[in-house]
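Here is a short walk through a two-chain model, meant to be read with the structure open beside you. Let us go through it a piece at a time.

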Amino acid sequence: MILAATPGSATLLLELGAILVALAFLGRLAARFKVPSIPLYLLAGLAVGEGGIFELFTARDFIETGAQIGVILLLLLLGMEFTGDELTASLRDHAPAGAVDLVLNFTPGVVLGVLLGWDIRAALLLGGITYISSSGIIARLLSDLGNTGNRETPVVLAILVTEDLVMALYLPLMAGLLIGGDPFDIGLEISIAITAVVAALVLAIKFGNRISAAVFHRSDENLLLSLLGIALVVAGIAEHLQASAAVGAFLVGIALNGPAEHAARNILGPLRDLFAAMFFVFFGLQINPADLPPALGIAAVLAVVTAASKLATGWWSAARVGIDWPGRLRAGTTLMARGEFSIVIAGIAVADGIESDLGPLAAAYVLILAVGGPLLTRAADPIANWIRRRNRDSRAVSA
Amino acid sequence: MTHIDETKLPGVGALHCFDCQSGDRIGVISHHAGRREVIIYDSDDLDRVGECATMTPDEALVLADLLGGTSVTHRLDDLRQEIDGLAIDWLPISGHSAYAGKTIGDTALRTRTGVTIVALVRGDRPIPAPGPDEELHVDDTAVVVGTAEGIDAAAQMLVAAGS
């Protein structure tokens, strides 16, 4: 009987409630200081994990399940952001920018992994972590700074879109590699997974309208249940086929556009925020805070290198379409933020247990760039103004 | 003729920009959700938003009206009239409509709402009395006749379903 609360369930409610209240407090703090909330959620996770200030007992299982749902919702809504048309248009116009982004930002992570003497698969995961910018943080930054209408913004968004497409192929690839076994099995596994991804993408682009017309329902309740249900089922099937649950959810998101998409973003958004917060907490609580300080040095170096490589990516891509230098600076600094998807990839590594140093390094890395990236983005316009003023003054002096 | 630069903003909508002879640059963001932002770019840095006004689709139409331009479909919209339980209306087929690209037969509009499509307006060309095999294209305007309730249902199907 539900009413006869057992001591266990009371503890669960207390722990869960306390965590949510703490997250709400941190979220307010983040808003107050205009920094993304993701790093603070990670810190909260660190505080309630093993070796933290206060270790959770009963709520941990619930948070773990919540974290899985969080990843699925993150990727589902990410897929929904883009229609098939936008995907193809972005690829057509900005494919070179996407390629430069991949080469410049994937490489530093892989190289560091190899230098540290890690398994090549762990190095490839670190490459993914340094490659993928945080579309959540960046979307927030663009609207907070009123930069959505800026001429470099289409370039930034197109790069994010290509990153997401790369993710759709990268996640099943890594899932296949992590299972291991003999090369033939791995090859088969990966080709099946990637064929499924490509087939789903083509289906989504061709028949997305019909699929979403079938799913759409005027009642929010029915729409919510059908969307969440479908996403979980597809994610479960994908996970079962070793293609990673996240990819399944991403494909469902891409398949949905039109009426279902608009309503879905509104009703799934708050749910995503709740479960994604659990996901960040769960990632944090798997890491022992004592492992963090030793990782900080390397993480800082990696952060500086990959902030520079994102700056170069944005600069070059914006210059390519005729944007002037202040816009290039904004594009570059905007792309620096890493966040939720770096943690998604690091979460795969931690769950697999492939390299024990990877979790703390990834946590420290994301902590640095989720805070530092947006700060630099905010500084871009003041810096540009300062340089412009100085140039004008020096011209006035020489004249 | 002014050159209008169109770029997609994935996840947001579309951005249209043009340069004025005065050197100012004007932009409009059309959000997927229907909201419009009108932008005047910073004169020191023409890639950066200087001033920005956000408006609902209706307010954007008011601005367009004040500037002296109205599109045919929207003027048609106002011509909606009713004669003793018989209504006639003009329904635009938007790019998001689930029925764009489908035939009139596919929509089963008459069976479902009792409303008949008596004509399609495609660009400047009218297609009177279209058959069931006629395809609905994006930006077509369907001229429909039926009861007021029927037309509301048909509008839900063809228009609102996509917005």
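Helices here are DSSP runs of H or I with at least four residues, strands are runs of E with at least two, and both are numbered from the N terminus. This is a predicted model, in which local features need pLDDT of at least 70 and side-chain atom pairs count only at pLDDT 80 or more, while totals for chains, interfaces and linings use all residues. Residues are numbered from 1 along each chain as its sequence is written, and chains are lettered from A and ligands numbered from 1 in the order in which they are written.

Where does helix 4 of chain A kink? The kink, of about 80°, lies at H94(A), shortly before the proline P96(A). The bend at a residue is the angle between axes fitted to the seven residues ending there and the seven starting there.

H94(A) is 72 residues from V166(A) in sequence, and their C-alpha atoms are 14 Å apart in space. V166(A) belongs to helix 7 (residues 153-179) of chain A and counts as partly exposed because it has 19 C-beta neighbours inside 10 Å. A residue is buried if 20 or more other C-beta atoms, placed from the backbone, lie within 10 Å of its own, exposed if 12 or fewer, and partly exposed in between.

## Chain A as a whole

Chain A has 15 helices and zero strands. Its radius of gyration is 22 Å, close to the 21 Å that the globule rule gives for 399 residues, so chain A is as compact as a globular protein of that length. The radius is taken over C-alpha atoms, and the rule is 2.2 Å times the number of residues to the power 0.38. Along its principal axes, the C-alpha trace spans about 85 × 50 × 50 Å, and 53% of the 399 residues are buried.

K34(A) is not a glycine, yet its phi is positive, about 55°. This residue sits in the loop between helix 1 (7-32) and helix 2 (38-48) of chain A. In chain B, D139(B) is a residue other than glycine with a positive phi near 75°, and its loop runs between strand 9 (125-128) and strand 10 (141-146).

## One face of a helix in chain B

In helix 5 (residues 148-158) of chain B, the buried residues include G150(B), I151(B) and A154(B), along with M157(B) and L158(B). Seen down the helix axis, the buried residues fall within an arc of 115°, so they line one face. The arc is that of the directions from the helix axis to the C-beta atoms. Among the elements covering these residues are strand 7 (86-92) and strand 10 of chain B.

## Where the chains meet

Across the interface, 23 residues of chain B are in contact with 28 residues of chain A, contact being C-beta atoms, placed from the backbone, within 7 Å. Strand 1 (5-9), strand 3 (25-31), strand 4 (36-41) and strand 5 (49-55) of chain B each supply at least two residues of the side that touches chain A. The largest share, three residues, comes from strand 1 of chain B.

How values were computed. Contact = placed C-beta atoms within 7 Å.
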